[in-house]
Amino acid sequence: MSVLGFILAQCLSALSQAAILFFIACGLTLIFGIMRIVNFAHGVIFMLGAYVGYTAAVWSGSFLVSLIVAPIVVGAVGMAFERIFLRHLYGRRDGGAYLMLTFGLAVVLSELIRLIWGAQPLSSGIPDALRGIVIVLDQPFPLYRLFLIALGIAAAIAVWQFLERTRAGLLIRAVSQNSEMVHALGTDVDLVRTGVFGLGCAMAALGGVLAAPLVTAFLGMGTTVVIDAFVIVIIGGMGSFLGSIIGSVLVGFVQVLGAYYFQDLALAFMYFLMLIVLVIRPGGLLGKEE
Amino acid sequence: MLTRPTATRRTILKGASAASALLAAPAYLRQATAATPIKIGIPTVITGGYALLGSQVMRTCKLVKKMTDAKGGVLGQPVEFVYQDTTGDPATCVRKCQELVERDNCHILTGVIVSSEAAAMLPKLEEWNAIFISHGNGDGRLTAELFVPRFFRANTSAPMGARALALYLKDAPEKKFIAVASDAAWGRSSNAVFEEQIKKVGKDLVDKIYAPVANKDYSPYITKILQSGAQGCYVALQGDEARAFYSQATQYGLAQRVQFFTEIVAQADIKVLGKDAIGLMGSSRYPLTYDIPQNKAFREAFMSEYKNEIPDWTDGEMFQALMILFAAIEKAGSPEPMKVVAAMEDLDVTSVKGPILMRKCDHQGENQGFVVKVAKSDKFAEPIGEIVKVYPRELNTPDCRSSSFSK
């Protein structure tokens with residue numbers, strides 16, 4: 001096995017891990033950036049995406065369909081939650097109310113998932129087209145992980161273009177900077193918030209569908225990944241989309257290389273990285289210090 | 001003048017009532033005792049990452065209740081299981097056990113999922129006047145360094161699972177091994193014994209990997225396995241960790257390069273992995289196809305109750321633990337904890353896994369060792385672990401109050 005091949009394989013592994021992390025961190029940072037809400041239910045939303053994706057794949061027999069259906073369904077659930085519950089808290093200045101409400105959503109959704117799908121882990125597998133390995137400089141690498149990297153890059157570009165090049169993206173950015181001014185100019189800010197919350201949930205759900213073939217869909221699958229996502233958001237800067245991309249890649253590399261070279265300290269490395277960033281830039285790499 | 005005592009009608013009636021009450025009392029009391037259930041506390045994982053194992057514990061308890069009550073109960077008393085959710089957290093587990101003992105009056109505890117939960121309970125058993133029968137806790141230390149008189153382990157421990165595999169691998173063609181274990185008490189305990197045993201049989205352990213608990217990305221470890229040049233890979237992961245590892249290893253085509261030997265072959269994993277699980281070898285805590293009447297009866301009752309669901313190792317081990325417990329209660333003639341302890345010591349029963357001896361010296365149940373290979377089956381809807389080799393219980397159980405084997 002060549003050294004170059006080994007390094008390349010590790011880099012690809014890190015990027016595939018970063019792709020999964022990006023989907024969940026991106027949603028989290030969008031929601032925080034626009035609504036100033038730390039969504040504690042984001043991990044469970046990710047898990048819900050995996051379960052809905054499983055059902056969609058079983059019913060349709062297509063992994064592609066699950067990639068479309070799960071974000072739509074879970075995005076709709078997120079929008080409904082925002083409309084019914086969250087918006088009543090917007091006038092309040094204490095962040096604790098949001099924490100409690102989203103934490104409550106996490107508990108309720110977890111139990112609903114258990115009641116609907118049961119405790120048995122589920123996996124619809126990966127489609128035949130994405131099975132198999134490619135040999136990269138004598139090193140086997142799964143085709144599915146290459147697919148994850150490609151989809152992660154495509155999604156990052158798509159969201160970036162959406163935020164930068166479309167009118168809806170312009171409104172989202174405007175609301176994140178001064179929602180009262182945007183409201184005064186006649187824009188329905190509530191609608192923007194609902195849309196962003198739904199988009200954030202849809203992104204997490206897509207991450208859940210993509211993660212299921214790697215880890216299977218199981219109760220608790222969102223617990224650790226949401227902690228990673230929070231670390232990414234803190235590293236990248238709360239509310240910064242570009243920061244979430246950089247944070248995902250950094251954490252992906254730290255996790256993969258840390259696990260390979262420093263097994264016993266693998267978990268600590270991610271937090272060590274966060275600590276360094278916070279010491280140098282308290283607001284995160286691309287965030288603003290408030 | 002002497003007055004003769006006169007028995008008035010009222011006196012006679014009073015006396016008759018008292019006499020009939022006295023005569024009737026034992027029958028009444030017997031009836032009250034029969035109606036009083038034997039309460040067994042099940043502090044298990046109902047929510048959280050280990051909820052699957054907890055759900056298996058509970059479904060087996062429900063089946064056992066149905067079967068036992070249909071036979072007239074234990075000592076003529078019905079059995080009642082009281083469930084509490086520990087979430088897999090040791091501190092929560094201790095708190096829930098306290099509730100089970102003090103509020104629900106359950107002085108017999110079983111169904112605990114995580115070894116660290118079990119370890120946290122042991123020092124409290126005397127204070128609670130409770131006994132605890134493990135159905136699945138694998139950490140070798142529970143019947144060694146952490147031994148307490150009120151704890152029994154009916155199940156195959158981690159050292160025993162590793163031992164069965166090591167015995168099998170002695171004659172296997174693979175020479176070089178690598179080990180992947182969960183960085184938890186159970187994983188480290190399993191791996192320590194595997195390392196000791198595999199070296200004893202003259203094979204080489206080239207590297208060992210401890211993956212953090214709840215790890216999700218195994219790609220760095222898979223790369224390490226590929227690089228190691230090992231022909232066999234010992235895997236001491238279970239539940240979500242095991243499924244993630246095998247799913248990702250399959251995607252890397254690792255099974256074509258390395259033979260996996262897993263510490264626990266779980267039906268839940270086989271079900272999820274499907275055809276990718278075929279060929280997987282490992283130690284079995286509950287050999288589904290073991291051909292003895294006790295196992296056949298359990299398997300058929302289980303599959304009939306749960307619509308052809310195949311019992312997993314947790315189901316088999318839970319069933320065995322309860323059968324041993326009931327045998328001890330019958331022998332003691334009482335569910336009183338210390339009487340059950342005395343009765344369970346050196347109790348020798350034939351369970352779904354064959355002959356089990358609850359040895360007195362450390363309260364470890366001597367279980368046979370089973371090595372299985374996952375294969376398709378005509379009798380079952382899913383691939384299952386077919387028995388490859390059975391090792392006698394004496395050979396498969398560590399030295400007393402130890403995780404090591406001198407035999």
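Predicted model: local features only at pLDDT ≥ 70, side-chain atom pairs only at ≥ 80, totals over all residues.
**Stop 1: where the chains meet.** Select chain B and look for its side that touches chain A. Here 29 residues of chain B are in contact with 33 residues of chain A.

**Stop 2: the largest nonpolar core.** Now pick A205(A) and C233(B), which touch the most other members of this 217-residue core. Then show helix 1 (residues 3-35) of chain A: its 19 residues are the largest share of the core. Over in chain B, both domain 1 and domain 2 supply at least three residues each. Zoom in on A205(A) and you'll find that, beyond its neighbours within four places in sequence, its contacts include I45(A), F46(A), V52(A) and P71(A).

**Stop 3: the two domains of chain B.** Select 38-156 + 291-367 for domain 1, then 159-284 + 370-396 for domain 2. Their centres, taken over C-alpha atoms, are 26 Å apart. How many residues of domain 1 of chain B are in contact with domain 2 of chain B? It's 20, and they meet 23 residues of domain 2. On the domain 1 side, helix 2, helix 4 (115-121) and strand 12 (354-358) of chain B each give two or more residues, and helix 4 gives the most, with three. By class, that side has eight nonpolar, eight polar and four charged residues.

Notes: Residues numbered from 1 in each chain as written. Chains lettered and ligands numbered in written order. Contact = placed C-beta atoms within 7 Å. Core = buried A, V, L, I, M, F, W, Y, C linked by C-beta atoms within 7 Å. Buried ≥ 20, exposed ≤ 12 C-beta atoms within 10 Å, placed from the backbone. Helix = DSSP H or I, 4+ residues; strand = E, 2+ residues; numbered from the N terminus. Domains from an automatic or database assignment. Nonpolar A, V, L, I, M, F, W, Y, C, P; charged D, E, K, R; others polar.
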